[in-house]
Amino acid sequence: MKLKIISLVLLSATAGFAASTSEIVAPTPEKKIFSAELLTGITNEFRRDETQNLVVTSPQSYSLGIGYGSWMITGERSSQDRRFSGNTSLNVTTAQKDESAWVSWAPTPSSQWRPYLSFGGGTLKTSVDSQIDSEKISVEGKELPYVGVGFGVRAVFLRFFEIKTEIRIVNREFTEVGPAVRLLGSVGFSL
Amino acid sequence: MRELTGKLLILLPFFFILSACEKLFEKATPKPVMARLPWPTADGSYHFQDIELRQLKDVAHLQSDLVSIYESPVPFQDGLSGSGPYLQYIQDADGVVIPTDAKSLQLLSLYAHLEKLYDLDLQLGTQASWPLNVGFEANFTRGEEKVENNALYIASNNALLFVPFQQPDLPLAVNAGVIGHEHFHSIFYKKVLEGSVEQLLEYQFLEAHTVAFFKRVFGSMSAALEPMSKEETVSTEPGAEEKKLRLEYLRNIIRGFNEGMADLWGWIYTDNADFISASLPQMKTARKLDVLPVLLSTTDDKMLEIATKRDPIERAYNFGTQYSRLFKGFSDLRAKRLGTEKQATRMELAKTLLQSLDGVKAEIVALKADQTLSSYSLLNHFVEAIPEISPEECRYFATYAQKTAEFKSPQPCQETPR
């Protein structure tokens with residue numbers, strides 16, 4: 001499923017790029033054509049569960065992006081350990097792993113401030129450790145796919161340093177709970 | 001044309017992504033649901049097992065025709081008032097439901113046991129009242145004090161309440177024996193208390209009290225209602241003290257039967273004679289069933305206890321435990337004699353018990369103003385209901401029954417020298 005989604009995103013990127021090159025004037029020679037970024041940061045996710053309680057998670061994320069002109073494709077990975085309620089006799093611990101691929105389009109790819117639009121998708125996998133007295137079991141959950149769209153800004157300082165912030169709306173599983181909002185903040189290197 | 005092609009290509013990625021996720025629109029709960037839950041084993045310990053849930057319609061909301069579950073509810077009118085549960089869970093590669101937090105794990109375990117207890121009710125024909133209202137982490141106060149580490153059944157609301165559990169031991173909502181114990185109170189209500197309330201009101205010694213009072217007292221043997229009933233038993237009329245004593249005695253005997261047989265039911269359901277200590281180890285000595293019984297208290301013993309004003313709850317449990325240990329010991333003896341499987345023996349015991357409760361109810365209904373219910377009432381009806389009682393079993397009961405006329409040994413036992 002994960003491979004399917006990533007390949008779809010790649011395909012979409014190619015298609016989108018093909019469409020855009022038919023409309024957009026090719027970059028001038030002095031502008032950077034290829035670009036890359038390596039970032040780390042925090043992804044804050046806000047969503048409401050079915051009882052309307054706000055659920056907030058803040059896993060650390062890593063991303064690697066490769067760009068061509070106005071387009072950039074980014075692979076992201078984040079993981080988080082979170083311990084839920086329980087006591088010494090009965091408790092549950094979960095860990096979540098999120099892998100995704102995003103395509104972004106920036107109208108001004110060579111300027112210092114680069115606003116962009118993005119879309120993409122990925123999978124979220126939860127593993128659970130459940131304990132009853134001295135017995136502990138670990139279970140890997142299914143990979144749950146999601147898709148999303150976003151808007152963000154990249155800022156490049158001192159030629160190689162990049163700060164990126166983005167707001168995304170992510171629809172996981174198409175549940176009636178509604179979409180989640182993700183607020184990303186990351187820093188790293190840009191080439 | 002070129003412009004149109006470009007626009008279509010821009011839309012293409014969204015089409016692909018939506019198509020790939022189309023199947024996610026199908027929201028179907030697997031039926032039956034398999035869930036990995038902490039489940040009791042024969043040695044009394046708990047291990048994770050895959051449990052089949054056949055009546056669960058919606059896992060996330062624990063929707064089923066058998067129970068209405070509420071989180072942090074309060075008793076309201078004839079039911080409960082609170083929000084419905086929302087479970088956090090994942091499914092493994094085989095579709096087995098795995099709760100992802102401790103609360104969800106407790107709720108699903110509680111539901112699973114209730115479904116199994118429903119199956120047991122069907123098998124035994126208990127006439128218990130389903131669907132059942134269930135409160136998880138219920139807000140319940142006794143006087144000014146918030147009740148914790150307990151579970152109770154309220155007949156007027158047909159509700160099983162699990163109040164917040166703060167101990168480091170097995171939560172009560174996961175303890176199969178405790179759930180079986182509380183569920184038995186609903187069976188006892190249906191078998192013994194319901195319908196006998198109105199009959200009891202006809203007798204003179206109860207006339208000083210209101211219908212509402214009796215509905216509370218006999219409609220629920222809940223400890224939580226103790227303060228209310230005490231307030232209302234205050235009366236200045238002549239002979240009030242005697243009436244109060246008789247009422248207190250009757251309540252205590254009935255409550256003793258109820259609590260003792262609820263513990264027995266917990267054992268019948270789990271095959272664990274010490275199910276209570278997994279959650280409340282401080283009660284191990286007082287409540288475990290695999291110890292030798294003691295002489296059964298006579299009516300005079302019980303009257304004396306009440307006159308000396310020992311704690312009413314402790315009195316009821318002590319008396320009830322005498323009974324539960326006596327019947328558990330009998331079941332062991334019978335299994336040994338007949339060489340039957342443990343499960344089959346427990347089922348036979350459950351049937352005998354249910355039959356004997358009918359006899360107790362009939363006796364309560366037939367009580368006259370100057371009569372009291374014998375503390376041996378349940379024993380007499382139980383022994384009478386045992387199919388093909390053996391001389392050895394007769395001697396067993398005779399050993400633990402005091403030499404009193406209250407013990408009415410059945411015909412087969414009378415042929416055996418005591």
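Two residues are in contact when they have heavy atoms within 4.5 Å of each other. Keep that in mind as you explore this predicted model.

**Stop 1**

Select chain B and colour it by secondary structure. You will find 14 helices and 13 strands. Now think about contacts between residues with a separation of 6 or more: in chain B, 70% of them join residues 24 or more positions apart. How much of the chain is buried? Of its 418 residues, 58% count as buried.

**Stop 2: the largest nonpolar core**

In soluble globular proteins, nonpolar side chains tend to be buried together. To look at an example here, show the side chains of Leu114(B), Trp265(B), Phe327(B), Leu353(B), Leu379(B) and Phe397(B). In the largest nonpolar core, which has 110 residues, these six touch the most other members. Next, select residues 240-270 of chain B: this is helix α7, the top contributor to the core, with 12 residues.

Which residues is Leu353(B) in contact with, leaving aside neighbours within four places in sequence? They are Phe184(B), Met261(B), Leu264(B), Trp265(B), Phe327(B), Leu378(B) and Phe382(B).

Before moving on, pick out Tyr70(B), Ala138(B), Phe140(B) and Ala159(B). They are among the members of a second, separate core of 10 residues.

**Stop 3: helices α2 and α3**

Select residues 102-124 of chain B for α2 and residues 176-193 of chain B for α3; the two helices pack with their axes 10 Å apart, at an angle of about 50°. α2(B) and α3(B) are therefore oblique to each other, and their crossing is right-handed.

Show the side chains where they meet. From α2(B) come Leu110(B), His113(B), Leu114(B), Leu117(B) and Asp121(B), while α3(B) brings Ala176(B), Ile179(B), Gly180(B), His183(B) and Ile187(B). Sorted by class, this contact has six nonpolar residues, three polar and one charged. You have already met Leu114(B), in the largest core.

**Stop 4: helices α3 and α11**

On the α3(B) side, select Phe184(B), Ile187(B), Phe188(B), Lys190(B), Lys191(B) and Val192(B). On the α11(B) side, select Leu353(B), Leu354(B), Leu357(B), Asp358(B), Val360(B), Lys361(B) and Ile364(B). What classes of residue are here? There are nine nonpolar, no polar and four charged residues.

Methods
Residues are numbered from 1 along each chain as its sequence is written. Chains are lettered from A and ligands numbered from 1 in the order in which they are written. This is a predicted model: local features need pLDDT of at least 70, side-chain atom pairs count only at pLDDT 80 or more; totals for chains, interfaces and linings use all residues. Side-chain values use heavy atoms; hydrogens and water are left out. A nonpolar core is a set of buried Ala, Val, Leu, Ile, Met, Phe, Trp, Tyr and Cys residues joined through side-chain atoms within 4.5 Å. Buried means under 20% relative accessible area, exposed over 50%, partly exposed in between (1.4 Å probe, protein chains only). Helices (H or I, at least four residues) and strands (E, at least two) are DSSP runs, numbered from the N terminus. Axes are lines fitted to C-alpha atoms, for helices over the stretch in contact, and angles run from 0 to 180 degrees between N-to-C directions. Angles under 35 degrees count as roughly parallel, over 145 as roughly antiparallel, 65 to 115 as roughly perpendicular and the rest as oblique. A crossing is left-handed if the near helix is turned anticlockwise from the far one by less than a right angle, and right-handed if clockwise. Ala, Val, Leu, Ile, Met, Phe, Trp, Tyr, Cys and Pro count as nonpolar, Asp, Glu, Lys and Arg as charged, and the others, Gly among them, as polar.
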